[in-house]
Amino acid sequence: MPQTIALTGATGFIGSALAKHLAASGHTVQALVRPASIHKRPDVPDIRWIQGDLGNLESLQCLVRGADAVVHCAGTVRGATRAQFDRINVDGVAQLVRAVEEQQPVPRLLLLSSVAARQPHLSHYAASKQRGETVLAEKAIHTSWTIFRPCAVYGPGERELLPLFRWMARGIAFLPGAGQARFSMLHVQDLTEAVARWLESENTSGRTYELHDGHPDGYSQQDIARTVAKLRSARVVLIKIPAIFLKTLATFNLVFALTARYAPMLTPGKVRELSHVNWICDNRSLNADTGWTPRISLEQGLEQTLWPKGAPSRQVPAARGKRKGV
Ligand SMILES: NC(=O)c1ccc[n+]([C@@H]2O[C@H](COP(=O)([O-])OP(=O)(O)OC[C@H]3O[C@@H](n4cnc5c(N)ncnc54)[C@H](OP(=O)(O)O)[C@@H]3O)[C@@H](O)[C@H]2O)c1
């Protein structure tokens, strides 16, 4: 049934895919946009845009007014200090919950957290996502809330993993750290479908769900390189980046970011996340409660991401030489 959905983060990777999917499904979407990001609004007709910020209660009150459900997708994955992450990923949740709880009737609320919240000791990001969940559970007294903990999400419009995938498509895979990690992946289209299922379901209140693409044991970095090698019909050369090199680079980057005042992606915390051995998720609860099942395999998803329809042929000469490849 069509609903009115209040959406945050609609100028970002996941949020813009959600805005498109929800609007195309016939829902009325009202979305928050920061004044400086108006140019980043996705090209989706009929969205009602509300200018504001997670730090501005008035704009959040305006955003959630009349909504049946709120999907909180805004967040930061970059930052140098705990305060930078907490301001958005923790205080932002608290502020949104305050606006939601003032509504009558109170809309349902879905928080896009992260599987990183399982290991809050690893990084400021992981800790902030866990604290965001705690704030939601503590402050949303009258709200029917649900938490999604996606793993690594990829697909069109994604910016952090895409450069690594593109290098693989050219025949070179950079493997950070010890290469022991196993992690789950999820195509953004499957994530948007999971949100659509949540909108239709009635038995998800107070629950936290992990999501992945249906590959139960996750992947190693080598598995990803192997999949791209298959897609390009040519081998991919593996280049290991030693953990010590990454840690040193991340420390320099952090110091530079603190001096130059920008929000860094590569920090010692991010390296600890990358080196963590088990980021495998479990879909079973979400499947049981909503009927959602992911549809896009890694191979299909990478093909769609790296070689969108209309792109030039993927045929490239096979890499030569004695280096280890897949
Ligand atoms: N991408 C993944 O692999 C992944 C995996 C697990 C969980 N998640 C979670 O999913 C959410 C979305 O991730 P993403 O990859 O789509 O991130 P993204 O592309 O960086 O988008 C972040 C969104 O949040 C908005 N935002 C940031 N600070 C804000 C503030 N103070 N007020 C209002 N809006 C603000 C951004 O607005 P501007 O455009 O104005 O900057 C943007 O729309 C995050 O909470 C992230 O932790 C992501």
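Biologist: Which of the 26 residues around the ligand come nearest?

Modeller: Thr-11, Ser-37, Lys-40, Tyr-125 and Lys-129 come nearest; a residue belongs to the surroundings if one of its heavy atoms lies within 4 Å of the ligand. This is a predicted model, where local features need pLDDT of at least 70 and side-chain atom pairs count only at pLDDT 80 or more, while totals for chains, interfaces and linings use all residues. Residues are numbered from 1 along each chain as its sequence is written, and side-chain values use heavy atoms, with hydrogens and water left out.

Biologist: How far is the polar side-chain atom of Ser-37 from the ligand oxygen?

Modeller: That distance is 2.4 Å. A polar contact here is a pair of N or O atoms within 3.5 Å. A polar side-chain atom of Asp-53 is 3.2 Å from a ligand nitrogen, and a polar backbone atom of Val-153 is 2.9 Å from a ligand oxygen.

Biologist: How much of the ligand does the protein bury?

Modeller: The protein buries 88% of the 900 Å² that the ligand exposes when taken alone. Accessible areas come from the Shrake-Rupley method with a 1.4 Å probe.

Biologist: Which elements give two or more residues to the shell?

Modeller: Helix H1 (13-24), helix H5 (124-139) and strand E7 (152-154) do. Helices (H or I, at least four residues) and strands (E, at least two) are DSSP runs, numbered from the N terminus.

Biologist: And how do the shell residues divide into nonpolar, polar and charged?

Modeller: There are 14 nonpolar, 7 polar and 5 charged residues. Asp, Glu, Lys and Arg count as charged, and Ala, Val, Leu, Ile, Met, Phe, Trp, Tyr, Cys and Pro as nonpolar; the others, Gly among them, are polar.

Biologist: Changing topic. In what order do the 7 strands of the open sheet run?

Modeller: The order is E3-E2-E1-E4-E5-E6-E11, with parallel pairing; two strands pair if DSSP finds at least two bridges between them. E3 (48-51) and E11 (207-211) are the edge strands with a single partner each, so one side of each has no neighbour in the sheet. On average, neighbouring strands are turned by 20° against each other, direction ignored.

Biologist: How many bridges join E2 and E3?

Modeller: Strand E2 (28-33) pairs with E3 over 4 bridges.

Biologist: Which strands does helix H4 lie across?

Modeller: H4 (91-101) lies across E1 (4-8), E4 (69-72) and E5 (108-112), at about 175° to E4. Angles run from 0 to 180 degrees between N-to-C directions, with axes fitted to C-alpha atoms. H5 also packs on the sheet, touching E5 and E6 (145-150), at about 165° to E6; contact means heavy atoms within 4.5 Å.

Biologist: Where is the cis peptide bond?

Modeller: It runs from Gln-104 to Pro-105, with omega near 0°. Pro-105 sits in the loop between H4 and E5.

Terms used
Polar contact = N/O pair within 3.5 Å; in protein donor to acceptor, adjacent residues only side chain to side chain.
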